[in-house]
Amino acid sequence: MARPSSALHQGSCHCGAVRFTIEAEITQLMTCDCSLCAKKNALMTRVHESALTVLAGEDVLSLYEWNTRRAKHYFCSRCGIYTFHRKRALPDHYEVNVRCLDGFDASAIPVRGVDGVGMSVIEDGARPQWPGPRDAG
Ligand SMILES: [Zn+2]
């Protein structure tokens with residue numbers, strides 16, 4: 001069954017070493033105010049892992065992990081551009097940097113701000129109010 005509103009978007013890093021596609025109907029974008037996303041100035045859309053295909057450059061992707069080390073933040077090791085990351089809270093989904101998508105016009109799509117600061121768990125800071133266990137993965 002075809003999904004007419006779904007579309008294939010081509011994306012790449014700046015130098016072109018990393019190329020990927022996402023199969024997605026992009027109806028909402030996200031920013032996040034965590035310390036990493038803020039410095040990346042990331043504008044993202046969420047896709048299921050089955051919707052993301054890395055066409056080239058898997059070998060030049062670098063992985064950055066911090067905080068709980070559950071989220072997997074990928075970027076091109078040549079040009080430094082953030083392409084996508086595997087979510088911590090939803091590990092079978094990726095957030096994709098929509099600025100990497102070819103010819104994609106983000107201006108008409110609503111943007112939701114995510115409270116990433118509130119989600120941060122700093123390992124060496126005791127946070128008695130954190131609601132869940134830390135040793136689940
Ligand atoms: Zn690159």
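The model is predicted.

## Overall build

The protein has 137 residues, and 39% of them count as buried. Its secondary structure comes to one helix and ten strands. Along the sequence, the elements run β-β-β-α-β-β-β-β-β-β-β.

Contacts across the sequence were also counted. Take the contacts with a separation of 6 or more: residues 24 or more positions apart account for 54% of them.

## The zinc site

Which residues hold the zinc ion? Four cysteines coordinate the zinc ion through their SG atoms: Cys13, Cys15, Cys76 and Cys79. The distances are 2.2 to 2.4 Å. The angles among the four donor atoms are 106 to 118°, and the site is tetrahedral.

Along the chain, the donors follow the spacing C-x1-C-x60-C-x2-C. Cys13 sits in the loop between strand 1 (7-12) and strand 2 (19-24). Cys79 sits in the loop between strand 7 (72-76) and strand 8 (82-86). The pair therefore ties together parts that are 66 residues apart in sequence.

Cys79 is partly exposed, with a relative accessible area of 26%.

How many disulfides does the model contain? The count is zero. The cut-off matters here: a disulfide requires a pair of cysteine sulfur atoms within 2.5 Å.

Consider Cys32. Its closest cysteine sulfur is in Cys37, 4.0 Å away, so the two are too far apart for a bond. Cys32 counts as buried, at 16% relative accessibility.

Cys34 is in no disulfide either. Its nearest cysteine sulfur is also that of Cys37, at 3.9 Å. Cys34 is buried, with a relative accessible area of 8%.

## Summary

Cys13, Cys15, Cys76 and Cys79 supply the donor atoms. Cys13 and Cys79 tie together parts 66 residues apart in sequence. Disulfides number zero.

Note on methods
Residues numbered from 1 in each chain as written. Predicted model: local features only at pLDDT ≥ 70, side-chain atom pairs only at ≥ 80, totals over all residues. Heavy atoms only, no water. Donors = N, O, S within 2.8 Å, 3.2 Å for Na, K, Ca; no water. Tetrahedral: all angles 85-135°; square planar, octahedral: opposite > 155°, others 65-115°. Helix = DSSP H or I, 4+ residues; strand = E, 2+ residues; numbered from the N terminus. Buried < 20%, exposed > 50% of the residue type's maximum accessible area, 1.4 Å probe, protein only. Contact = heavy atoms within 4.5 Å.
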